[in-house]
Amino acid sequence: MRNQSGMVCMLLAGGQGSRLKALTRDTAKPAVPFGGKYRIIDFALSNATNSDIHDIGILTQYKPFRLNEHIGIGAAWDYDRTYGGLRLLSPFYSEEGGRWYDGTANAIYENIAYLDNLNPKYVLILSGDHIYKMDYNRLLDVHVQKGAEATIAVMEVGWEEASRFGIMSTDEEDRIIAFEEKPKEPKSNLASMGIYIFNWPTLRKALVEDYNDKSSSYDFGHDIIPKMLKANMPLYVYRFKGYWKDVGTIKSYWEANLDMIDPDNGLDIYEKDWRIYTSAKNLPPHYIGEKAEVSNSLVNEACRIYGKVEHCVLFTNVTVEEGAEVKDSVVLSGSVIKKGAKVSHAVIGENEVIEEETQIGEEQSDTICLVAGGKITKE
């Protein structure tokens, strides 16, 4: 049965995520592990299935193997359907030859045939690299009620952060009257979340025109939205009030992981009515040794803890040996913290070994240490 809203989702998941450094050396940013057992893309995918969206295309590009392996046929998110379901959409050869997607708008343009086949009323554009929960039907309701051609999800950010985002200025009806991409002197603090709903005929026309504009950078924020605004189309905002984080840097990635420890400060992964789904591993339970101390932490399957763990997120199959101390840190799967080692304010990559008596990071520090690929970097 098709989604009665007539909405199809296109999820942009091809980003390299270079600011995450070694964590994206072998995989696309949306496939980076998060929160002990998830991957970043799980949040947008779970939002879509919880919003009863039946058709979703996932656009991949940069090192997609782990992402494709994780998603599979979409069974974990109930997208292994006879009608509708999930499609992985990667760059392909045409009569003009093969090429990478040139930008976010170009990625959608290159898959017009997929959308034409579904013939939706509305197209929802998402990024696969944000941590949040959102009912996209509420966004659609605002879009329909306002009679909009496009509606952009926004949230208020601190004025000191506003210059990092695309900023919307609106009138009293929440119609967009101005848009600036990363302004030096922002006139508003309504930041675009990179989540858009378009009427499909309007978006299709805009994508074709943008493709034929050789001066374009083929980007929604830089090109599509400003051109629609200049044409005086009715564009509106949807004001989002919940938790949202762009985990584009090591520090924001570290912060978002630790936010999950306390639902009052961040994201409630225990909410029964809005679960975050993922492809599960068949692993044994974690083990807490007789002399171990564990407090205020998320500890996942197959971990073995003999030392001290405080305010941490431990992914699967992590070992903390006796006498080791790990505090305010995120430790990815397969890593070993050996005897006497002290780790604080750090992100430890997959399958890393922190040798005996080693010190990584400092308590009460604003600097986050990343140990990945056998190297230590700081941010």
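Analyst: Both faces of β1 are covered. On one side sit Met7, Cys9 and Leu11, on the other Val8, Met10 and Leu12, and all are buried. Buried means under 20% relative accessible area, exposed over 50% and partly exposed in between, with a 1.4 Å probe and protein chains only. Strand β1 covers residues 7-12, and six of the six are buried, so the strand is largely enclosed by the rest of the structure.

The model is predicted: local features need pLDDT of at least 70, side-chain atom pairs count only at pLDDT 80 or more, and totals for chains, interfaces and linings use all residues. Residues are numbered from 1 along each chain as its sequence is written, and side-chain values use heavy atoms, with hydrogens and water left out.

Strands (E, at least two residues) and helices (H or I, at least four) are DSSP runs, numbered from the N terminus. Two strands pair if DSSP finds at least two bridges between them.

Now the partners. β1 runs parallel to strand β6 (residues 122-127), joined by six bridges. Met10 has Ile125 as its bridge partner in β6. Strand β4 (residues 55-59) also pairs with β1 in the parallel sense, over four bridges. There, Ile58 of β4 stands opposite Leu11.

Leu45 lies in helix α1 (residues 41-50). Its relative accessibility is 0%, so Leu45 counts as buried. Contact means heavy atoms within 4.5 Å. Leaving aside neighbours within four places in sequence, Leu45 is in contact with Leu11, Ile56, Ile58, Ile71, Trp77, Tyr79 and Leu86.
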